[in-house]
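Let's walk through this structure together, from the overall fold down to single residues. Keep the sequence and the 3D view open side by side as you read.

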Amino acid sequence: MTETLTELPAFPAQRASGAPFDPPPEHRRLQRQAPVSRVRLWDDSTPWLVSSYAEQRAMLSDPRVSADARQAGYPHQSAGLKARRGNEVTFINMDDPQHARLRRMVTAPFAIKRVNAMRPAIQRIVDGLIDDLLAGPKPADLVQAFALPVPSLVICELLGVPYADHDFFQQNSKKLINRNSTPEESQAAQVELVDYLEELVGRKLIEPADDLLSRLAAEQVATGELTQHQLAVMGQLLLVAGHETTANMIALGTAALLEHPGQLAELRDADDPKLVAGAVEELLRYLTIVHSGRRRVATEDIEVGGQLIRKGEGIVLPTDIANRQPEEFADPDKLDIHRDARKHVAFGFGVHQCLGQPLARVELQIVYSTLYRRIPTLALAAERDQLKFKHDGLVYGVYELPVTW
Amino acid sequence: MRVTVDQDKCVGSGQCVLASEAVFDQRDEDGIAVLLTDTPSAADAEDVRQAAAVCPALAIDIQE
């Protein structure tokens, strides 16, 4: 058994040096070999790696596949996340019908019409941050000055969280999604965030405003559907999820576009919202920043890709390599903003597909069509090989993006 | 073409509305998909197929 264990490929593998936008070559080798194979994780557990696009979609939409992290065979991302998962369960780690009940409480503000109605407010936020950036010293760090504040301001406005507290929740968000956080750090960050939101929900019950937390406090907490604590846990999920993902897409997308100046110029000069929307889909596909594999566990025996996954066995689904599969996307390693990339699985697939995706799309469309137009001379203020990429994060990106203009 | 939406399966991702605003909408209260027509015009057929292909909950069924 020990011999077999050490022979299994360790997951995740490293990206190749000099290719920071491409998935680890070892993951793609496994994908070429078989759609489904065994891998070894940090804790020596040996779940199944479902590597190919079609099988990933099939598994992610299969009701025999569970997202419940409390189940024994669930393939945890790290010791820190394993510890955290035991405590506060959000609907991303529940199955239907419990998942659907809770998710449906928070879907309304992310409907396409509602998100489109936020465009002027998001545009103002983006314009204001660019004004400040241009008025400040250069070089500047695009992550701190722009990429993080955009989604942070937007999600704060939507939820009704005071942006003045952003240092506090941005620091704790970072600790929560870092694979290197210890169990203690991860738990402490979660407790701090939930305590903060629980107190905020308490205030919203007394003094409601026009925001999602106030609405949920009135509709769900006041009626006994949720406890104040349960709403705080849900609010924490939305706050964290709304931050790091879009922020990383903004900064990493800019880093990628700066290496493709022709396409950046096309995007900058585009007056066609469809071209911008298509470019966003392609960048989502190309970068697939949720890069450490979606995690599931089988609740029944399942035959897939020529293998039998037994009840109770873990399943790892790296969507980044599905989005680079040549059978699905021609010339997949080429960034091409004119490609129809809409079938990508960067937001996942199945009932757990990203709740905030309409908002993320609109934020990215506004950012990509505004930033390079307002700052046409935008350029990296560091050598690319000096950029520090988030290899240790659940969400990929750059820690800093020094830019000048 | 005849199209149906299973509202119990729908997770309100809004992907169908992005693919075809002429055929799909979302309920105000919870973002669940609703059909504006169940017999889309030939001009909308391709967009409806796209909507079915990207629906994460496999909630859209098409009969050609």
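Helices (H or I, at least four residues) and strands (E, at least two) are taken here as DSSP runs, numbered from the N terminus. By that count, chain A has 17 helices and 10 strands. Its radius of gyration is 21 Å, close to the 22 Å that the globule rule gives for 405 residues, so chain A is as compact as a globular protein of that length. (The radius is taken over C-alpha atoms, and the rule is 2.2 Å times the number of residues to the power 0.38.) The C-alpha trace of chain A spans about 60 × 55 × 35 Å along its principal axes.

A word on what you are looking at: this is a predicted model, in which local features need pLDDT of at least 70, side-chain atom pairs count only at pLDDT 80 or more, and totals for chains, interfaces and linings use all residues. Residues are numbered from 1 along each chain as its sequence is written, while chains are lettered from A and ligands numbered from 1 in the order in which they are written.

Now for the inside of chain A. A residue is called buried if 20 or more other C-beta atoms lie within 10 Å of its own, exposed if 12 or fewer, and partly exposed in between, with C-beta atoms placed from the backbone. In chain A, 48% of the 405 residues count as buried. Two residues are in contact if their C-beta atoms, again placed from the backbone, lie within 7 Å. Of the contacts in chain A with a separation of 6 or more, 72% are between residues 24 or more positions apart.

Next comes the nonpolar core, meaning a set of buried Ala, Val, Leu, Ile, Met, Phe, Trp, Tyr and Cys residues joined through C-beta atoms within 7 Å. The largest one has 130 residues, and A147(A), V150(A), L159(A), A251(A) and I315(A) have the most contacts inside it. Helix 13 (residues 228-258) of chain A supplies the largest share of this core, 16 residues.

Two strands pair if DSSP finds at least two bridges between them. In chain A, 3 strands form an open antiparallel sheet in the order 4-10-9. Strand 4 (140-141) and strand 9 (379-380) are its edge strands, each pairing on one side only. Strand 9 pairs with strand 10 (residues 402-404) over 2 bridges, and L380(A) stands opposite V403(A) in strand 10.

Most residues other than glycine have a negative phi, and most peptide bonds are trans. Here, a cis peptide bond joins F11(A) and P12(A), with omega about -5°, and another cis bond joins D96(A) and P97(A), with omega about 5°. T288(A) has a positive phi, near 25°, and lies in the loop between helix 15 (273-287) and strand 5 (294-298) of chain A.

Finally, how do the two chains meet? 17 residues of chain B are in contact with 17 residues of chain A. On the chain B side, helix 1 (15-19) and helix 2 (45-54) are the elements that give two or more residues, and helix 2 gives the most, with 3 residues. V17(B) lies in helix 1 of chain B and counts as buried because it has 22 C-beta neighbours inside 10 Å.
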